[in-house]
Amino acid sequence: MEFVKCLGHPEEFYNLLRFQMGGRQKVMPKMDQDSLSSSLKTCYKYLNQTSRSFAAVIQALDGEMRHAVCIFYLVLRALDTLEDDMTISIGRKVPLLHNFHSYLYEPDWRFTESKEKDRQVLEDFPTYCHYVAGLVGIGLSRLFSASELEDPLIGEDTELANSMGLFLQKTNIIRDYLEDQREGREFWPQEAWSKYVNKLGDFAKPENMDLAVHCLNELIASTLHHIPDVITYLSRLRNQSIFNFCAIPQVMAIATLAACYNNQQVFKGVVKIRKGQAVTLMMDATNMPAVKAIIHQYMEEIYHRIPNSDPCSTKTRQIISTIRTQNLPNCQLISRSHYSPIYLSFVMLLAALSWQYLSTLSQVTEDYVQTGER
């Protein structure tokens with residue numbers, strides 16, 4: 001199936017092969033597990049069980065930074081799980097959250113009182129995104145600066161760090177509409193969807209499809225406002241492993257928004273980027289000119305698909321015009337134009353003969369295009 005999907009994108013097929021034949025090691029080198037202490041091995045075990053996709057980019061960080069980020073991520077995921085559990089009463093939950101830091105020093109502490117989650121409407125969307133994602137961006141940025149791998153400005157500019165986290169969180173929420181509905185969760189902001197329907201679940205009804213897409217496009221237009229902050233933040237990074245760690249999820253999110261824009265499939269099934277597309281982004285997003293070229297590509301893709309009948313068409317064009325002022329190159333990525341069509345066709349023909357052997361992609365790619373964590 002992936003071979004068929006790549007027929008119209010020969011450069012992605014080529015990059016799939018490059019990824020399998022050693023390209024992954026250049027972007028996400030494997031960590032030496034044998035040298036870890038038993039406690040760190042336990043941490044990475046839980047990290048891989050919690051999020052294989054984030055585990056890959058975390059383990060590609062330099063030196064002690066990867067251990068700090070690993071522990072930071074695990075603690076925040078535990079906090080997030082507790083906070084998101086709507087079956088816990090406020091009277092019980094608030095003390096648990098306030099005292100959570102002390103439980104980290106109690107090896108035998110467990111919380112086993114969770115039940116199935118209740119459906120709740122999220123009323124304060126900006127605040128929710130700030131606490132579950134923006135603070136993550138701020139905390140990570142302070143770690144980067146404290147390590148002296150990055151300048152102090154990275155940790156001091158909390159507005160940009162917050163915006164990095166919000167962009168990823170909002171993208172996941174937009175994409176996961178149907179999955180969240182089926183599991184009894186509602187994360188789309190009420191101030192947006194209430195303009196179109198009485199209940200968020202009504203968007204899944206065929207008769208409301210036009211309204212659903214209008215709301216979808218409105219949310220995407222709003223989320224695009226974070227991209228100038230993303231560009232500024234990434235342009236300040238100097239450590240290669242930290243740049244990769246930050247840039248790869250951001251370009252994945254940008255590609256995901258482009259795939260979701262004006263797309264009814266968001267309300268019918270799963271919207272995801274192709275594996276070859278994901279691998280190409282992972283291998284390309286290792287420097288600022290390449291990241292800007294990726295952003296340019298997907299902004300133009302969205303721009304040319306804006307329906308004149310969409311209520312937010314003017315707003316969407318305006319924000320994309322603003323993003324264009326961020327010195328985005330009007331060109332293709334080198335990796336997408338450097339190889340001649342004849343050469344690519346030859347590579348595809350040769351690769352097709354051994355596709356069964358080479359088609360088992362890394363699990364990290366599978367996770368990136370199929371799931372996202374909150």
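Helix axes here are lines fitted to C-alpha atoms over the stretch in contact, and angles run from 0 to 180 degrees between N-to-C directions. Helices (H or I, at least four residues) and strands (E, at least two) are DSSP runs, numbered from the N terminus. This is a predicted model, in which local features need pLDDT of at least 70 and side-chain atom pairs count only at pLDDT 80 or more, while totals for chains, interfaces and linings use all residues. Residues are numbered from 1 along each chain as its sequence is written, and side-chain values use heavy atoms, with hydrogens and water left out.

To start with the overall fold, the protein has 22 helices and 0 strands. Of its 374 residues, 52% count as buried, where buried means under 20% relative accessible area, exposed means over 50% and partly exposed is in between (1.4 Å probe, protein chains only). Contact means heavy atoms within 4.5 Å. Among contacts with a separation of 6 or more, 75% come from residues 24 or more positions apart.

Helix α15 (residues 240–260) packs against helix α17 (residues 288–303) at an angle of about 10°, and their axes are 9 Å apart. The two are therefore roughly parallel, a label for angles under 35 degrees; over 145 counts as roughly antiparallel, 65 to 115 as roughly perpendicular and the rest as oblique. On the α15 side, the residues that meet α17 include Phe 243, Val 251 and Leu 257; on the α17 side, Met 288, Tyr 298 and Glu 301 are among them. Sorted by type, the residues of this contact come out as 14 nonpolar, no polar and 1 charged. For that count, Ala, Val, Leu, Ile, Met, Phe, Trp, Tyr, Cys and Pro are nonpolar, Asp, Glu, Lys and Arg are charged, and the others, Gly among them, are polar.

Helix α17 also holds Tyr 303, which is partly exposed at 24% relative accessibility. Leaving aside neighbours within four places in sequence, Tyr 303 touches Arg 317, Ile 320 and Arg 324. Ser 313 is 10 residues from Tyr 303 in sequence, and 9.2 Å away in space, C-alpha to C-alpha.

Next come some polar side chains. A polar contact is a pair of N or O atoms within 3.5 Å; within protein, one must be able to donate a hydrogen and the other to accept it, and residues adjacent in sequence count only if both atoms are side-chain atoms. Asn 162 sits in helix α10 (residues 158–175) and is buried, at 16% relative accessibility. Its side chain makes a polar contact of 2.8 Å with that of His 130. Beyond four places in sequence, Asn 162 is in contact with Gly 134, Leu 135 and Ile 138, as well as His 130.

Arg 185, between α11 (177–182) and α12 (190–193), is buried at 19%, and its side chain makes a polar contact of 2.6 Å with the side chain of Glu 183. Ser 147, between α8 (125–146) and α9 (152–156), is partly exposed at 31%. A polar atom of the Ser 147 side chain lies 2.6 Å from the backbone oxygen of Phe 144.

As for cysteines, the structure has 0 disulfides, a disulfide being a pair of cysteine sulfur atoms within 2.5 Å. For Cys 43, the nearest cysteine sulfur is that of Cys 70, 5.3 Å away. Cys 43 is buried at 19%, and Cys 129 is buried at 0%.
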